[in-house]
Amino acid sequence: MPFSRLATVTTPTAHIGLGLAAVGRPGYINLGREADLGEGRSVDALRTRTHELLDAAYAQGVRYFDVARSYGRSEEFLADWLTARPDVTDVVVGSKWGYTYTAGWSADAETHEVKDHSVQTYDRQRAETAELLGDRLDLYQIHSVTPDSPALTDKELHARLAEAAATGLTIGFSTSGPAQADAVRAALAVTVDGEPLFRTVQSTYNVLETSAGPALAEAHDAGLTVIVKEGMANGRLAAPHAPDAVRAVAEETGMGCDAVALAVVLRQPWAGVVLSGAATLAQLASNLHAAVVDLDADQLTRLAAVTEDPRTYWERRGSLPWH
């Protein structure tokens with residue numbers, strides 16, 4: 001398992017990864033992004049920004065980097081960074097397939113990505129990812145599996161993924177939507193020749209959306225590495241958007257709202273890697289403080305009170321505009 005490399009990292013940030021969804025393309029749904037990126041959204045500008053973030057993250061102990069075919073040119077940006085730093089051999093690289101980026105480098109596109117979990121899309125995107133990342137790719141995940149996804153029942157696809165696993169590539173999946181727990185449990189039951197197909201799961205979990213927690217604990221107990229995405233709820237848990245309880249605890253701890261929110265996720269015993277989706281160096285530095293935030297029982301109780309009904313949470317997420 002490539003994630004065994006993370007076990008040798010002793011820095012406090014070893015369990016925090018960097019996801020490049022917010023900087024691999026000019027448009028995304030994170031709140032506050034206009035201020036974060038401003039007008040500097042050309043390919044070269046975002047390439048430079050991504051490389052600066054990767055440099056800072058690596059220097060501060062981050063060893064997992066997460067991209068996807070649909071995150072604009074994130075795979076390309078990460079591949080360029082890895083090529084320029086051949087001495088960086090201790091990182092774990094994960095990407096995802098299943099969505100095709102369709103925005104044409106526009107933040108105002110009518111459609112930014114199209115979902116398709118067919119074998120044909122896997123074959124095409126696997127070749128595209130291989131061309132960019134080659135043997136630096138450690139983990140390939142099905143992007144955004146839901147309970148009705150054909151990826152859960154397509155035996156031909158399962159056979160293809162098992163073939164990739166036999167070459168040393170780790171196979172995983174990510175989830176989204178109010179029924180994440182159902183998707184996780186269905187994926188845990190997928191086997192090829194009697195062996196579990198998936199070795200990692202990446203799900204949304206944060207103080208507003210905790211419904212996947214029990215299923216993620218089951219996945220961890222089954223031997224999967226759990227990667228947590230959207231720990232900041234697409235910016236809803238960052239100042240100035242954070243709920244009053246998050247702001248109060250942040251003031252008490254002397255940390256940012258973002259660090260408090262991510263610290264709650266890091267406390268979960270099943271959380272293997274918690275992703276930062278930082279778009280600026282200041283955000284990254286603040287996110288990484290989550291590794292040293294100490295929360296007491298009263299603070300955790302107050303933070304737990306802000307949890308939303310899953311359907312309410314995902315309806316609100318679905319209404320966030322692309323910036």
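## The loop between β11 and α8

Pro-240 lies in the loop that runs between β11 (225-229) and α8 (244-253), where helices (H or I, at least four residues) and strands (E, at least two) are DSSP runs numbered from the N terminus. The peptide bond that leads from Ala-239 to Pro-240 is cis, with omega near 5°. This is a predicted model, in which local features need pLDDT of at least 70 and side-chain atom pairs count only at pLDDT 80 or more, whereas totals for chains, interfaces and linings use all residues. Residues are numbered from 1 along each chain as its sequence is written, and side-chain values use heavy atoms, with hydrogens and water left out.

The loop between β11 and α8 also holds Ala-233 and Asn-234. Ala-233, although not a glycine, has a positive phi of about 55°, and Asn-234, likewise a residue other than glycine, has a positive phi near 55°. Most residues other than glycine have a negative phi, and most peptide bonds are trans. With a relative accessible area of 1%, Ala-233 is buried, a term that means under 20% relative accessible area, with exposed meaning over 50% and partly exposed in between (1.4 Å probe, protein chains only). Asn-234 counts as buried too, at 4% relative accessibility.

## Helix α6 and Gln-180

Helix α6 covers residues 180-188, and its buried residues are Gln-180, Ala-181, Ala-183, Val-184 and Ala-187. These residues lie on the same side of α6, because they cover an arc of only 165° around the axis, the arc being that of the directions from the helix axis to the C-beta atoms. An α-helix has 3.6 residues a turn, so residues three or four places apart point the same way. The elements that cover the buried residues of α6 include β6 (139-145), β7 (170-175), β10 (200-204), α7 (213-221) and α12 (310-318).

Gln-180, which is placed in helix α6, counts as buried because its relative accessibility is 0%. When residues up to four places away in sequence are not counted, Gln-180 touches Thr-175, Ser-203, Thr-204, Glu-209, Ala-212 and Trp-314, where contact means heavy atoms within 4.5 Å.

## Helix α3

Helix α3 (residues 74-84) is mostly covered, since eight of its 11 residues are buried. The buried residues are Ser-74, Glu-75, Glu-76, Phe-77, Leu-78, Ala-79, Trp-81 and Leu-82. Their cover includes α2 (43-59), β2 (64-66), β3 (92-97) and α4 (119-133).

## The chain as a whole

The secondary structure of the chain comes to 12 helices and 12 strands. The C-alpha trace spans about 50 × 45 × 40 Å along its principal axes. A compact globule of 323 residues would have a radius of gyration near 20 Å, and the 18 Å of the chain agrees with this; the radius is taken over C-alpha atoms, and the globule rule is 2.2 Å times the number of residues to the power 0.38. Of the contacts in the chain with a separation of 6 or more, 79% are accounted for by residues 24 or more positions apart.

Of the 323 residues, 55% count as buried. The accessible surface of the chain is about 13,000 Å², of which 51% belongs to carbon and sulfur atoms; accessible areas come from the Shrake-Rupley method with a 1.4 Å probe, and for residues only the protein chains shown count as cover.
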